[in-house]
Each structure stands twice: as structure tokens, then as C-alpha cells.
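Student: I am new to this structure. Please give me a close look at one part, the contact between the chains, and then set it in its surroundings.

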Protein chains: 2
Amino acid sequence: MKIKLFVALLLMCGMLKAQESGEKRLLTLEDVMPAGSNWYNLQPENRYTAWWGNVPVETLANEVKELLTGKSIVTVERLNEIAGETVVRSGHNILLPYGKQTIAQLKTGNRRMQIDWKEGKVIWQQNIPNGAGNQDFTLKSKNLAYTVAGNLYVATADGEILQISTDGSTDGSDDIVYGRSVHRDEFGITKGTFWSPDGEKLAFYRMDQSMVAGYPQVDISKRIAAVTMDKYPMAGETSHQVKVGIYDVKGRRTVWLQLVGAPDDYHTNLTWAPDGKRIYVFELNRDQNDMRLVAYDTETGKMEKELLRETHDKYVEPMNGLKFLPWDATKAIMQSRRDGYNHLYLLDVKTGKTEQLTQGTFEVQTFVGFNTKDKSVIYLSNAIDPRTSCLYSLNLKHRRATLIGAGEGVHYASLSEDGTMLIDRYSSPTVPRSVNLITMHSARGRESYRLTNILTAADPWQEKGYAIPEITSGSIKAADGVTDLYYRMVKPVGFDPSKKYPTIVYVYGGPHAHNVDARWHWCLRGWEAYMASKGYLLFILDNRGSEWRGRAFEQATFRHLGEEEMRDQMEGVKFLQSLPYVDADRMGVHGWSFGGFMTTNLMCSYPDVFKVGVAGGPVIDWKYYEVMYGERYMDTPQQNPEGYERCSLLGKAKNLKGRLQLILGYNDPTCVPQHTLSFLRACEDAGTQPDLFTYPGGGHNMYGRDQIHLHERITRYFDDYLK
Amino acid sequence: MKIKLFVALLLMCGMLKAQESGEKRLLTLEDVMPAGSNWYNLQPENRYTAWWGNVPVETLANEVKELLTGKSIVTVERLNEIAGETVVRSGHNILLPYGKQTIAQLKTGNRRMQIDWKEGKVIWQQNIPNGAGNQDFTLKSKNLAYTVAGNLYVATADGEILQISTDGSTDGSDDIVYGRSVHRDEFGITKGTFWSPDGEKLAFYRMDQSMVAGYPQVDISKRIAAVTMDKYPMAGETSHQVKVGIYDVKGRRTVWLQLVGAPDDYHTNLTWAPDGKRIYVFELNRDQNDMRLVAYDTETGKMEKELLRETHDKYVEPMNGLKFLPWDATKAIMQSRRDGYNHLYLLDVKTGKTEQLTQGTFEVQTFVGFNTKDKSVIYLSNAIDPRTSCLYSLNLKHRRATLIGAGEGVHYASLSEDGTMLIDRYSSPTVPRSVNLITMHSARGRESYRLTNILTAADPWQEKGYAIPEITSGSIKAADGVTDLYYRMVKPVGFDPSKKYPTIVYVYGGPHAHNVDARWHWCLRGWEAYMASKGYLLFILDNRGSEWRGRAFEQATFRHLGEEEMRDQMEGVKFLQSLPYVDADRMGVHGWSFGGFMTTNLMCSYPDVFKVGVAGGPVIDWKYYEVMYGERYMDTPQQNPEGYERCSLLGKAKNLKGRLQLILGYNDPTCVPQHTLSFLRACEDAGTQPDLFTYPGGGHNMYGRDQIHLHERITRYFDDYLK
């Protein structure tokens, strides 16, 4: 303890000295990594908000208050007092599920409960069975769906336990599993149970993986290393088979949807009709180029109607379910990229007819909700600039979209119960965090809003006296000569344009992600700031194939992943080489996952350009990647043998000249170790010398202190060989 | 082809130029590694010899000749002509099993055959069944024992196939296996079948491993990575159980020896009595401190007699079977370390009494055979100098040992049928290879011999104009202040005593091995010569615990592996630090297996001494090592928890300061990957940064081009961080 205090005093002295002399402090990994000892202190100020019906509230450590008046609603102490024991430790864990009602919903390790703090009593509680996974609780009926091993259960509001399935695997094999997310979380799937609007019927997935090969994952933390066989269908190999059941809680029976298509088709974005009589399923063939929206009768499981069909010569990718208009059960909002950009459509579920609601060379990024009073749809889009995500309200009567709040930055919004208010959180390149309460109203066909700023956070780095690198964003032309590509550039701290700096390209490059957007510091990653403080220049470019830019931009890479992406990145390199302060003899590249694939690819394809690379959890050969994601972009190895061959890095291993460190989570379940290990083998056979590191027990990404260790490692590698 | 020729010309020009100018060529990895393109050209000249009864012969590519006269005995062409097809491709593959008889024994992929080249016909042949493993052929009866999966078979001389066992595992589990080497090849065991002298009875092992945990080994070369569970009993865990059966080929029946002791005891060095009526088994308890030599009746399997017993408070390690005197079936030569050094004893198998034949503070290294005419025993010992292995003949009548041949270097000998002649091959620090034919005779109680030098090879490195580093050997005192430890020092090419050189300690350090002996270049490893040619100084010291130095020297490490060994190595470091031309600020360490353990240990225990280390296939924690070897030196983790804890490197991971690269065969079945991976995890948790590399598909050691790749890698690491 004495030593710690002494060190703390030393550090304080250092701080004071630095501040007195006007010197800026340099960021360390402890400052910029989430598990770092100083990370929390350098986060922009925040306010934690939620909704109590239509009342905006703020949650604090000890209580929940009205956001605008600051009036206390309920305290942690009061709830525990009523419960007669500690059932909640933080105001952030108090849910106010019903507007106006003085009821708090709490969840402890083994119970869910509701407390009426006005009445001063626990009005309901439900035990959570031991080991209940995939918990899906519905407020409507207070039924809880959950899984234990491969089987599905429901705990009713009054505590009865119903076993829905019996043939789920209980031997650890995961051959047959119920109630879990299927299709490896692709197609917008995140869970495996779906309550009907009244909470009395449960739609659920059943996945049969018995025919899927297991990938051996070795756990070295056991006394004797143990293996688990992780069901992992590789591209072109036998895939799993999914069915959808509907369990009627009151009737105690399951009906199975009589799904159309082949056994290994995809069944996604299950949506209940508001009356619970129908369920809508987006069904996609394994080739992922033929999608149907089908309505099923939930009493009989029979197909009622095929509402619409979308096909494409590359692929169709249903990512979102239907959102029924709260005021008209015959219509729902649907999203589709059928015109080349992701847009909102109004679907008539009686006829299957659609009307396009938004249009243009931009993307609707998120459907937020409905304003039930004005009958408008709230959504986020990047209509202003591809790097932004701004809020819009689209009045369905007038079909007019109105920008809500700041027309800059990247927004997240949470709607009130009736949808007339929202809490809008955003950051922009120069605004670390802004929290605003927005009240919308419509009058005579015109939408308007009132904005109350709750918080505009100061720059914590500036406040604490840190040297902040210059971070800019701009665009260059893609390799096609036409398309704009956006980049972020991070200049070294103390930048001197007459010097030449070692330069690192950070890259991801794959679909469904982007690196450059208009949030704080242009979406800077903490490690980049750290590297800039060590004297590196960082460059990050979103190539074709990445998200928010429309279908053609993404699909340019179809059947030849890596090629267009690299061409674009090399345009970025040309741009860098044109800058006098970039040292073209000291160019590095780093990326993870798809970015690890890109990094390895760039190191082997442009061995005279890049001197040093660090590739994390890389894809090496798409045949080792899974069916759902892999076949979407590459088709199967059987359909596209030349593409798989050309895009494999195994054949490029012989070209490696620079220093390339491959790093993987030893138990990576996503880019399985076979990728990296096969590349090593290819290098060994070809006589080239990559480097390697691994995190036993680590998955596809490292977290906590491992993340700091990892970035220390990545940094050291560049320091060793690029600096 | 044209390009290759051009390159060859360029290389020749380079050679000529170097030689013209008097410059020496520097060794490359291609010169010093067995798989290197120039390795073969730099091997000392050789002559391939064998025995035809009592006639020494030389085998050549196309024929077999009499060694002394050069007279052709038989040609490859002649044998193939007789067979009517190509059954042999090289004279080296012709065996002349019977003295004086004109019979050649050949083995093709699927047949064994004997050809009488004088008669001009195939006189016998036997098909080898597909997939026959562990083939054990006996000339006497021409029966062949072999295994398929877990079961044992005999193919008789006339082609009948007899299945000896039926409950051997055929599912790949290796739960029950027959006819294989057991006890993980410890205690001198190398095989699992033992023919009786007349070739009509077969003693064999049956090993039940069903209770042994499997270590998961992942094969990434498959389309989808596959796992095999490799039976690997870890120290303190449940071990396998071995039985011995005797199969009577004519009687078609098996009897089981009624072995004494516990089910997981060790049964080693099976020796048939000359008349086949008895079999002798060395039986050792699992604790390895209580050994009995037991005689069993091979007709009934019953124990006949416990002949002798050896106990020790540390361990007893039977490594050699009995060698019956060819002229007296009641007596056999036995080896024991009971007086502190490995010596020969004459055992009376009727009484169990022993007489010590050799004595002194040296070790008998190898029993070579008997001279049946003179009634003497031929063996190798290091009586002259601990680093040597020289030939001796011990006349059993006069009990006098006579040095045969050169009293220097390290010898290997092959005896003629009657034992009166031997071919002696040796090298010494300055003699790359010497082949000699020695004829022994005894007259009036005095042994003498006649030596004919067949070959004394010139130094190929000198001949080819390579710069040869200075290689010396000497001794220092061990950490106990008393014991002599021998070292080899390799000075950098172009050594200048006024300069300071980066210095690498190469280390093994474990039992049953040594690094320094009196063979060519003091047992130099090719890589050391390569490193010396790159400007490094190499130092190699055999610490206490290593072989050829007696029991106390080896057992000093009992229950605390690594500690005495490191103390001794640090005496070597002190010696190095006293040398003006050793740069104490640039000290590295490298070793493999036990040497990987030592390297990692030294890097973590003396972080301020060693700047760079490369540890291959290391032991990290002895609890992950196997029962047989591990428990001998460490007892079990249950018996010796403090020892295991203290000797584990997991707790030392936090001390790592220098650069340490760990390298392992990804499928190492000996030091399983759990060692290295656990160390990585410990380093990650402690925030230290080792480096890593692995060879997918590689085992405990790398061979072929992998070995060159590996040494390029090891070299680069020292070049990167030590040079």
C-alpha cells in the first residue's frame, strides 16, 4: 500500500509538472483501452436516460429521477426496503415498464420481480431456473422462455415450468438445439424465441446440426487439455437444418410451420402479426439469391400466402423484420435494398404490394420506431453525408421526411412510449457526446420539433491536458475511378510537415462494417491515438465492399473477396505516397478478422510496399469460413472454384517478404485456427517467415487485460521493425 | 533448367573466386542441416559395411563386396534377374543372413524373400499383409509378428496368418493395443514383440489404456480440422496397465505371465532364456524405486523365481535386458548402476547371484557382444575420459579388460558372427570418421588385436574451403564446487580476442543425454558452426543431471528438476563473463525439449543475464509431462507438490524481461502443446510478452525442410535482438 501511494504521488507530481510547464501528456494504452486503468476517466461525460412511458427519466447510482425536473421517482434504497433484502444495487438496473404506474421491474440472479413502490409491496415474482440460458421474458404475459442444454422451456407468470422440447441434445454435442439463435447470427438473427404480441404464444427455432462437422476447440485450462467439437458448417459442406415451431402456452401444444424450400434454407426475421394469428418469415434459399416473404397461420402452421419475392444474380440479404403500423394492422414497414440502397417500404400484408417510402443514393441505417400521434416513422439515414447517421421523421400521410436534431454526426435514438418524444444521443468529429430530448409535433402537414439539450460533453482529453493528434477525414477515388472512398488520417502528435513519418494503414474492409464515420474524432480507435502519440501516422480507408454505401458498392467484391478491396486500399497508399510527410519506405498495415485477411493479403500481394504487418484472427482461405457469410459473398467452393483459389492466401504465402505477425485467439470460433495454421504451414513449405502469437482461451477478439496485452504486442512489433 | 544451370555457374564462379583469393567460404544452413541442398557434400567420406557370417563385407549401390579383397559377392542386377523383377534397388538393402551360404535376404514393400544367387532361385518368400505395423521377423523360424490396429498377428514361414488377439481396439481409440512398445518407450523399451530363440514362441505386450485420458491433437491438414485423442497419462494421473503374453505358434495358444505387483507397474527388458523355457522380466513399481528381476515359466506363465531386487530412495531405472553367455546358458551379462555407475555384472540365473565385472568411476555405455572364441565380452565405456566412448574386451576367464582400437573419440562397433572380429567406427575431435576392421585374439591370458584401417576420412569442410570456427572443450567446476562439468566452446569465425562477441548458450540439460563428447568437433551441431560463421560465440555445457557421469551426478536433480541444472549453467555463464571476448550484455540461450524448459527457466530466473532466448518444445510444468519419465525424476504432484510448484515455469512467467521465442510442433505428442500454451496464458495474465511460433503437423522435433526453416527462424531471432 505504501508503495502504491508513493507511485501515485510520483504520478501526480509528473502531471503537475507537465501541466505547469505547458507540456501535454501522451496517451498510454491504459488511457485508451477499455480495460485500461485510466480509460474510464477519459470518457466523455454521460447522462444515463430511459423512458417511463412518456416521461423521460435519468438513472443514477442510487435512484431514478425525472430527467427534466430532477424530481426523484424512486430510490434503490426504497425498493430494497420493500423487498426486505437487496434486490437491486444501482438505479441503472431499475426498469419502469409501465408508464404512469409506480411499478419497478427488477432482475436478480435467480428472480424477476415487480415492486409497486407506492403500494410498498412486491406485486409479482418469478423464479429463474438454474442455468436458464437464452432468457426471453415478455412483459405482456410475464411468461419467460429459456433453454437448458438443447431444450426449450417456459416458466409461466405463476411459476409453472413447461418443457417445450424433449429431443434437444443434453450430451454437449449440440446436435439438436431449441430456442437459440440460428444460421450463425447472420440475416439479422440474434435470438431463437419470439413471443406473440399477447405473450401467450412462442415462436421458436429448432436447429438440427447433427449432420454438421465439428471443429475441434481445445481448452488448455483444464488439468488435461480437453476438446469440444464446435458445430461449424464450412463453405460448401453440409449445413444445418432449421424449423420453426409455435408453442401455445395455454393450449400446451406445438405446431410446426410447414416451411417452403429446401431443408438447409434460411428462415429469418420472424414477425408476429399484431393479432397473433399469422407469423411472417423471410425465407432465403441456400444460394442466397432467392428470397420470399411468407405468411403462416399460427394455429395450423400452414402457409397462408407468399407475400413477395426478391431475387438477385449476386445475393439478397434480408436483415430486418416487418414493423406493423400501430394504427393499421394491415400495413407494415419493410426494409429492402431492391433499388440499390437500403430503403423503407410500406407493405400491405393483404396484397403483398409495397410502396417505397424513402428513395435516393443513400441508406436507411436503422428503423427507430413510430410516432403514433403524428403517424410518422422515425429512422436514421446517411442522406446528408455517407459518413453520418442522422434522425428523420417521415410522416406517412404527407410522405415528407424531416431532419430531426443535428444534421451531423452519428446518432442513436430512443423513443417514448407514444413515439412523440425521443432521446437523441450523438457525437460528431468535434463533439464527444451530445444528449438531447426532442419533442416532435406535426401541424398542418409540417413536421417540427423542440430540442432540449441535456448534455454537451467537453473533450476529456483536452480537459486532462493530453496531446491530441490531428484527425481529419476526406475522400479519394476508388480504383474504379468514379466512386468516392472516405478515409481518416491521424497525424502524429507534434506533427512537423517537413519530417517523414512511419505510416500504418489500419484496415477492415469487409461487408457490414465501416471504419470511418462522422462520430467523435472521425471514429478514431484508441490505439490509433496511442500510436500517433508515439510518432506514427495512421490511415484508415473504407474500401468498396464496406457498409453504408449501397448494394453495388458492397457487391463489387462478389465471388472474389479481397481483390477490389485491395485495389481500393492501394489507391489509399498512392495517396499516402504523394504526401511529403509519409515515409513510403516505412509503411505498415494492421487489421483484424476480415482486416486480418486484408493485412495478410496486402503483405503478400504488395511485398515491396508494406514492410510490416500485424494480422489478427485472419481469414486465410474462404473454404474454412462458414456457410452463411462465406457463401453469400463467395458462393460455394464447388460453384466458384477459381474464385476460392484466387482469393486464398495459401498460394500467396510464398510472396511474403516483410515482417508479418499473425495473432489469433487460440479458441477463435469465428475465424477458426485452421486459417492461420494453414497459412503458417504454407509459409513453412514455401520457406517464408511470418511471426505468430495466440491467446489461449481467447475467441475471435480479445477483451479486458488481454486487449491491452494484445495492443502492447502489436505496438511493439511496429516499434521493432517499422520505426 | 537453363536458369538452374546459370545459377550453378554463378555459384561455381563464386567458389573459384573465393578460392583464388584465399578467402574461405562461410557455412550456410543448406550446408549444415541434413535436409540442406549441400549437406550431403559436406559429410565425411564413408564406407558402408556389414557382416556375412564372419566375413566383413562392403555394401555399394550396385553390389556387395568382400571388404578386404574387394571381391564381388553378389550384385543387385543378379538378384533382380533371378527374381524376374526388381526386388532390390541398392546393395545397401541386401542382407546376407547366413555366413557362408549364398543366400540374400530382401524386403520389398509387400514381400520378404530369400534368393540363393548361386542356385539362381528364390528359395523362400512370404507376403507381408497390407498395413502390417510393428513388423518383427525372426530368421530362425521365418515367422513374422505384426500388428494391424490394436491386434497382433503372426504370418508363419509358409504364409499362414494367425490372429493372436481379438480384443485390441479397431476403432482408432487405442484403448487396448497388442504388440506395441509400452510405457512410452521408457526403461529401454523400443518394441512390443519378442521371439524366443527358436522363433516358435512370441512374447508380447498387451497394453490397456482405456483408463488413460486422451490428449487432443488437432490435424489441420484435413478439409475440416480433425482431432485425435492421443493416450497420454500425465504425472499423477491414471496410468495404463500392461500384461505380457506368450504365444506358442505351433500350439496355437497364449499363456499370460502371472505378473507380480500392481496393475500400473512397469514390465521391461524381457529376455528369453536360451532354451526358451523361461522368460526374464524386470519389474518396477510405479514409484520406480523398487525393481525385481523375475523368471517366468513360458509354458504355464507362472512365476518361477525372483532372481534379484534393487531398491533406491530416489529411483532405479532398468535399461538393459540380460545377455546370456553363448557358451553357458546359466549365466548372463546384466547391467546395473547399483554401485553408482553403470557396470557389467555376471548373473547366475540359477542362484540370482551376481559378480561385478567392471568397476570404477566411469560408465559402461553399451554392451556390444561376445567373442565366443575367447569367451570375452565386448563393450563401450568412458573409462579414459567421461567424454569418450571406447571399445573394450573383457575376458571372462581372466577378468581383464583390454582397450581395443583407438583410446579416444566415440566409437560404434559391429561384431562378426563369432565375435572375434569387429568393425569399429569412430570419430574424435580431429578425426571426422575412422572405419577399422579389428580382429581380436587371446593368447596365454592376454588379449590383443589386429587393426586394419579401412578409412580415415579427410575433413570435408577443410577440403571444400570453408572457414571452420575454432572448437574447444574443457571443464569447469559445478555449482557444488567439486564436480567437473565439460563444455564445448565455438568461437566465431575470424575470431579476434580483442573484440566482444554476442554469445549464445545452447543447452539441453536433461537426463539420458549429453551435448559434449569427444566425437568430431567435440560433438558440434551444424547450427553452431553456422552461427559461428555469422559472428556468434557458442557455449555448451553438460550440467549435473545429464548422462555418462554416474548416478549421483544424474540424481542430484531428483524432485526439483531445473534447479541444479540452472546453477551449473550459471557457473558456465560466470566463466563466460570472465572472458574478455564475451559480450556479457549480449548473452542469449537456446534449447529444445528439456533444453526448452532450461531456456525458458533461465530467461525467467535470470532476466538480467540473458537478453534473448529461443525455447523449443519446452516442458513448462512437469504435471503436464507423462507418468514414466516425469514421476521418475519428480515423483507425482501428489507426493511432491512443493517440488512441482517450485519447478513450474507458470509462476515465473511474470519475471520475463528479455526476448523469448517459444517454438513448438503444433502436434507435439511428447511435450504436448499444453505446456507452451499454458505459459503464454500465464505471461498474458502477468503482462509479459514472449514470442511464439509453431509448425502445424510438426511433432516434438522438426525434420527435413522444416528443420532448416526452424533454424533460419532461430537465427533471425538472435540477429534481430542479440546482434
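Tutor: Domain bounds here come from an automatic or database domain assignment. The model itself is predicted. On that basis chain A has domain 1 (42-127), domain 2 (134-319) and domain 3 (461-721). The C-alpha centres of domain 1 and domain 3 of chain A lie 44 Å apart.

Now the contact. On chain A, 33 residues are in contact with 33 residues of chain B. Which elements of chain A supply at least two residues each to this side? There are two helices, α11 (674-686) and α12 (705-721). There are also three strands: β15 (214-219), β16 (226-231) and β42 (691-695). Helix α11(A) gives the largest share, six residues. By class, the side of chain A that touches chain B holds 18 nonpolar residues, seven polar ones and eight charged ones.

Next, how the copies are related. Chain A superposes on chain B by a rotation of 180°, with 0.0 Å of shift along the axis. In chain A, the C-alpha nearest the axis belongs to A:L692, 2.8 Å from it. The same surface serves both copies, as 100% of the contact residues of chain A recur in chain B.

Two further spots complete the surroundings. Helix α9(A) spans residues 627-634, and eight of its eight residues are buried. Among them are A:V627, A:M628, A:Y629 and A:G630. A:E631, A:R632, A:Y633 and A:M634 are buried too. The cover over these residues includes α10 (641-647) of chain A. Just after α9(A), A:D635 takes a positive phi of about 55°.

Two packed helices are described by the angle between their axes and the distance between the axes. For α7 (563-577) and α8 (594-605) of chain B, the angle is about 70° and the axes are 11 Å apart. An angle from 65 to 115 degrees counts as roughly perpendicular. Therefore α7(B) and α8(B) are roughly perpendicular to each other. From α7(B), the residues B:E565, B:M566 and B:Q569 take part in the contact. They meet B:M598, B:N601, B:L602 and B:S605 of α8(B). The residues of this contact divide into three nonpolar, three polar and one charged.

Terms used. Residues numbered from 1 in each chain as written. Chains lettered and ligands numbered in written order. Predicted model: local features only at pLDDT ≥ 70, side-chain atom pairs only at ≥ 80, totals over all residues. Buried ≥ 20, exposed ≤ 12 C-beta atoms within 10 Å, placed from the backbone. Helix = DSSP H or I, 4+ residues; strand = E, 2+ residues; numbered from the N terminus. Contact = placed C-beta atoms within 7 Å. Least-squares fit on C-alpha atoms with pLDDT ≥ 70 in both. Axes fitted to C-alpha atoms, helices over the stretch in contact; angles between N-to-C directions. Parallel < 35°, antiparallel > 145°, perpendicular 65-115°, else oblique. Nonpolar A, V, L, I, M, F, W, Y, C, P; charged D, E, K, R; others polar.
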